[in-house]
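Here is a short report on one protein structure. Keep the sequence and the model open while reading.

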Amino acid sequence: MLAPGSLLLNTAPAHAASVSSSTAQNIISTGRRFMGVRYQFSAQTGNTSSFDCSSFTQYIFRINGVNIPRSSRQQSQVGTYVPRNQLQPGDLVFFYSPIHHVAVYIGNGKIMHTYGRPGVTISDLNTGWWSAHYATSRRVLP
């Protein structure tokens, strides 16, 4: 029984947030290990010598215990919708309509993904081409 003015704290949400945050940082760290790895359209699942956008996200999430589908369009249907102004590290960010590109939000307006010449790279979500072609975002981490 609580005395008047005492405070009861529920630590479960804080613990869940720290687990999610920890998983997000592990996913981002895993992705950073592949910086510069070449882009290849329809790269084979599980191949780490080249990636396409969705094989990259699927791989770095799977290595960290989070299973997501193979294609960017399929990935855009899992988890929960996140407004652009509420993105958190580890959220998936999608581009074009219909969707055919995916990236991982890493914080501070930056995304990690792979495409074309740079291969796995970090880009600014809030300016230029990526900002103009943003479609939606999803949170798949618990």
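The report covers the sheet, the aromatic rings and one serine.

## Basis

This is a predicted model: local features need pLDDT of at least 70, side-chain atom pairs count only at pLDDT 80 or more, and totals for chains, interfaces and linings use all residues. Residues are numbered from 1 along each chain as its sequence is written, and side-chain values use heavy atoms, with hydrogens and water left out.

## The sheet

Six strands make an open sheet, ordered β3-β8-β4-β5-β6-β7, with antiparallel pairing. Strands are DSSP runs of E with at least two residues, and helices are runs of H or I with at least four, numbered from the N terminus. Two strands pair if DSSP finds at least two bridges between them. β3 (80–81) and β7 (119–124) are the edges; each has a single partner strand, so one side of each lacks a neighbour in the sheet.

Helix α2 (residues 53–62) packs on the sheet. It touches β4, β5 (101–107), β6 (110–115) and β7; contact means heavy atoms within 4.5 Å. The direction of α2 makes about 45 degrees with that of β5 (axes are lines fitted to C-alpha atoms, for helices over the stretch in contact; angles run from 0 to 180 degrees between N-to-C directions). Strands β4 (residues 92–95) and β8 (residues 134–139) pair antiparallel over four bridges. L92 stands opposite R138 in β8.

## Aromatic rings

The whole structure holds nine aromatic pairs. Rings of Phe, Tyr and Trp (its six-membered ring) pair if their centres lie within 6.5 Å; planes under 30 degrees apart are stacked, over 60 edge-to-face, the rest tilted. F95 and W130 have ring centres 5.1 Å apart and planes at 75 degrees, so they are edge-to-face. This pair links distant parts of the chain: F95 is in strand β4 and W130 in helix α4 (residues 128–132), 35 residues apart.

F95 is buried at 0% relative accessibility, and W130 is buried at 10%. Buried means under 20% relative accessible area, exposed over 50%, partly exposed in between (1.4 Å probe, protein chains only). W129 is partly exposed at 39%. Ring pairs join F95, Y96, Y115, W129, W130 and Y134 into a cluster.

## Around S137

S137 lies in strand β8 and is buried, at 0% relative accessibility. A 2.8 Å polar contact joins the side chains of S137 and Y134. Such a contact is a pair of N or O atoms within 3.5 Å; within protein, one must be able to donate a hydrogen and the other to accept it, and residues adjacent in sequence count only if both atoms are side-chain atoms. Leaving aside residues up to four places away in sequence, S137 touches T80, Y81, V82, L87, L92, V93 and F94.
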